[in-house]
Amino acid sequence: MQDKLRWINEIMDEHGDYLKRTAAIITGETSLAEDLVQETFLNFYRNSSRFRREAKVRTYLYRILMNNIKMHYRKNKPKECAFELERAGSVSFENEIVDVMDINNAVSKLKPIYRQIVVLHYFDGMSIDEISEVMDIGNSAVKMRLKRAREQLSRHLSEGRDTV
């Protein structure tokens with residue numbers, strides 16, 4: 001029992017910040033993100049006997065988190081979120097220099113399903129295969145959602161430039 005608790009604590013220490021940041025970006029609410037991550041670790045603890053040690057803990061936890069987020073949005077109508085990127089300044093996006101605040105605003109306007117893909121791919125650095133596993137969808141669905149998210153981001157970013 002002590003070994004299991006020690007193992008769970010190590011996992012929480014190693015993955016808690018990433019999960020909380022991801023949930024906060026997707027939901028736009030820090031307190032909700034903390035609740036979702038807490039629920040993620042509780043689910044992991046309750047079902048740890050089913051965890052296959054050959055699977056990546058990170059991927060398994062992200063999958064639980066994404067399921068918790070989906071369940072939350074099924075129960076509650078999704079809102080537009082606002083979040084802050086950790087970096088300041090500007091970044092390159094499709095051969096253009098874009099202010100980070102513009103990206104922040106554009107990502108917050110995405111539908112939650114596209115926001116999840118963007119966050120996992122660009123913010124958390126997950127591959128298409130990892131996202132596919134986490135979200136329990138095929139690679140082609142991940143690629144299509146990522147493509148649509150990029151199109152929406154481009155549209156939102158160009159709208160922002162047109163108003164200036």
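A residue counts as buried under 20% relative accessible area, as exposed over 50%, and as partly exposed in between. Glutamate 39, with a relative accessible area of 32%, is therefore partly exposed. The views below show a predicted model.

**Figure 1. Overview of the fold.** The protein contains 7 helices and 2 strands. Read from the N terminus, its elements follow the order α-α-α-β-β-α-α-α-α. The chain has 164 residues, and 41% of them are buried. Among contacts with a separation of 6 or more, 67% join residues 24 or more positions apart. The protein exposes about 10,000 Å². Carbon and sulfur atoms supply 47% of that area.

**Figure 2. Tryptophan 7 and phenylalanine 44, a tilted ring pair.** There are 2 aromatic pairs in the model. In this one, the ring centres of tryptophan 7 and phenylalanine 44 are 5.5 Å apart. Their planes stand at 45 degrees, so the pair is tilted. A plane angle under 30 degrees would count as stacked, and one over 60 as edge-to-face. Tryptophan 7 belongs to helix H1 (residues 2-27) and phenylalanine 44 to helix H2 (residues 30-46), so the pair ties together parts 37 residues apart in sequence. Tryptophan 7 and phenylalanine 44 are both buried.

**Figure 3. Phenylalanine 44 and tyrosine 60, an edge-to-face ring pair.** The ring centres of phenylalanine 44 and tyrosine 60 lie 5.7 Å apart. The planes meet at 70 degrees, so this pair is edge-to-face. It links distant parts of the chain: phenylalanine 44 sits in helix H2, and tyrosine 60, 16 residues away, in helix H3 (residues 57-75). Are the two partners buried or exposed? Phenylalanine 44 has a relative accessible area of 1%, so it is buried. Tyrosine 60 has 25%, so it is partly exposed. Together, Trp7, Phe44 and Tyr60 make one aromatic cluster.

**Figure 4. Threonine 40 in helix H2.** Threonine 40 is part of helix H2. Its relative accessibility is 0%, so it counts as buried. Which residues does threonine 40 touch, not counting those up to four places away in sequence? They are Leu19, Leu61, Ile64, Leu65 and Asn68.

**Figure 5. Helix H5 and leucine 120.** Helix H5 spans residues 112-123. Its buried residues are Pro112, Tyr114, Arg115, Gln116, Ile117, Val118, Val119 and Leu120. Leucine 120 lies in this helix. It has a relative accessible area of 0%, so it is buried. Leaving aside residues up to four places away in sequence, leucine 120 touches Thr22, Tyr62, Met66, Gly125, Met126, Ile131, Val134 and Met135. One of these, threonine 22, is 98 residues from leucine 120 along the chain, yet the two C-alpha atoms are separated by 7.4 Å. Just after H5, glycine 125 adopts a positive phi of about 70 degrees.

**Figure 6. Aspartate 124 and arginine 21, a salt bridge between distant parts of the chain.** The model holds 6 salt bridges. Here the side chains of aspartate 124 and arginine 21 meet, at 2.9 Å from N to O. Aspartate 124 is in the loop between H5 and helix H6 (128-135). Arginine 21 is in helix H1, 103 residues apart from aspartate 124. Aspartate 124 has a relative accessible area of 9%, so it is buried.

**Figure 7. Arginine 46 and glutamate 39.** Side chains of opposite charge can pair when their charged atoms come close. Arginine 46 and glutamate 39 form a salt bridge, with the closest N and O atoms 3.7 Å apart. The cut-off for a salt bridge is 4 Å, so this distance falls within it. Arginine 46 has 55% relative accessibility and therefore counts as exposed. Glutamate 39 has 32% and is partly exposed.

Figure 8. How far apart are the closest N and O atoms of glutamate 151 and lysine 147? The distance is 2.5 Å, and the two residues form a salt bridge. Both lie in helix H7 (residues 139-162). They are 4 residues apart, about one turn of the helix. An α-helix has 3.6 residues a turn, so residues three or four places apart point the same way. Glutamate 151 counts as partly exposed, at 38% relative accessibility. Lysine 147 is also partly exposed, with a relative accessible area of 42%.

Notes. Residues numbered from 1 in each chain as written. Predicted model: local features only at pLDDT ≥ 70, side-chain atom pairs only at ≥ 80, totals over all residues. Heavy atoms only, no water. Buried < 20%, exposed > 50% of the residue type's maximum accessible area, 1.4 Å probe, protein only. Contact = heavy atoms within 4.5 Å. Areas by Shrake-Rupley, 256 points an atom, 1.4 Å probe, with all protein chains shown as cover. Phe/Tyr/Trp six-rings, centres within 6.5 Å; stacked < 30°, edge-to-face > 60°.
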